[in-house]
Amino acid sequence: MKLDRSGSRIDHLNIAVPDLATAVAFYEPVLASIGITKMLEIPPNATANQPTAMTGFGLAGVKPYFWLIDGGTVGTNMHLAFTVDTRDEVATFHRAALDAGAESLLAPAVHPEYHDDYFGAFVRDPHGINLEAVCHHG
């Protein structure tokens, strides 16, 4: 029996970006290509503890789990990978990211250094984040 590598215990993740509008314009079509939609747009100062604008992406009807936060600085060597169900979805993500202006880092391919069925594609987003879609199935 093969190990199911698709699960995660991360509930949500905030990524600070220098320009929220640029980031949302990039991520909205790219994430839509793999079934992740823009769900919430929170204006600046909506609460005392949240001084900047935020946009949340996730599974429609469930919850946002990936948030872009305006006015921040992207960290060095930042990498974010989204799990998808099929290798075709990896290729779809890669094409959508390139169409949205990403730089290709690694085209869709098997990466056996991680495990025999690891199939991923890597791009660099407009703010320098190494972004990936990965399928863990053969």
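Colleague: Which residues does H115 touch, leaving out residues up to four places away in sequence?

Modeller: H115 touches R5 and H136, where a contact means heavy atoms within 4.5 Å. Keep in mind that this is a predicted model, in which local features need pLDDT of at least 70 and side-chain atom pairs count only at pLDDT 80 or more, while totals for chains, interfaces and linings use all residues. Residues are numbered from 1 along each chain as its sequence is written, and side-chain values use heavy atoms, with hydrogens and water left out.

Colleague: What makes the pair H115 and H136 a polar contact?

Modeller: The term asks for a pair of N or O atoms within 3.5 Å; within protein, one must be able to donate a hydrogen and the other to accept it, and residues adjacent in sequence count only if both atoms are side-chain atoms. The side chains of H115 and H136 meet at 2.8 Å, and they are listed as such a contact.

Colleague: Where is H115 found, and is it buried or exposed?

Modeller: H115 is in the loop between β6 (103-110) and β7; helices (H or I, at least four residues) and strands (E, at least two) are DSSP runs, numbered from the N terminus. Buried means under 20% relative accessible area, exposed over 50%, and partly exposed in between, with a 1.4 Å probe and protein chains only. The relative accessible area of H115 is 10%, and therefore it is called buried.

Colleague: Why is D19 called partly exposed?

Modeller: The relative accessible area of D19 is 33%, so it is placed in the partly exposed class. D19 is found in the loop between β1 and α1, and it touches D70 and H127, not counting residues up to four places away in sequence.

Colleague: How do you know that D19 caps the N-terminal end of α1?

Modeller: A side-chain oxygen of D19 lies 3.1 Å from the backbone nitrogen of A21. The side chain of D19 also makes a polar contact with the side chain of T22, at 2.8 Å.

Colleague: How do you know that the span of α1 agrees with its number of residues?

Modeller: The expected span is 1.5 Å times one less than the number of residues. For the 13 residues of α1 (residues 20-32) this should be 18 Å, and the end C-alpha atoms are 17 Å apart, so the two agree.

Colleague: Which residues of α1 are buried?

Modeller: They are L20, A23, V24, F26, Y27, V30 and L31. As background, an α-helix has 3.6 residues a turn, so residues three or four places apart point the same way.

Colleague: What makes a set of residues a nonpolar core, and how many residues has the largest one here?

Modeller: The set consists of buried Ala, Val, Leu, Ile, Met, Phe, Trp, Tyr and Cys residues joined through side-chain atoms within 4.5 Å. The largest has 30 residues, and those with the most contacts inside it are Y27, L31, F57, F66, L68, F82 and L131. At least two residues each come from β1 (13-17), α1, β4 (63-70), β5 (79-83), α2 (87-99), β7 (119-124) and β8 (130-135), and α1 gives the most, with seven. Among the residues that F57 touches are V24, Y27 and L31, as well as F66 and L68.

Colleague: Why are N45 and N77 called exposed?

Modeller: N45 has a relative accessible area of 57%, which means that it is exposed; N77, at 79%, therefore also counts as exposed. N45 lies in the loop between β2 (37-42) and β3 (54-59), and N77 in the loop between β4 and β5.

Colleague: What is the phi of N45 and of N77?

Modeller: Phi is near 60 degrees for N45 and about 55 degrees for N77, positive values although N45 and N77 are not glycine. Most residues other than glycine have a negative phi.

Colleague: How do you know that the radius of gyration of the chain agrees with that of a compact globule?

Modeller: The radius is taken over C-alpha atoms, and the globule rule is 2.2 Å times the number of residues to the power 0.38. With 138 residues the rule gives a value near 14 Å and the chain has 15 Å, so the chain agrees with it. Its C-alpha atoms fill a box of roughly 50 × 30 × 25 Å along the principal axes, and buried residues make up 38% of the chain.
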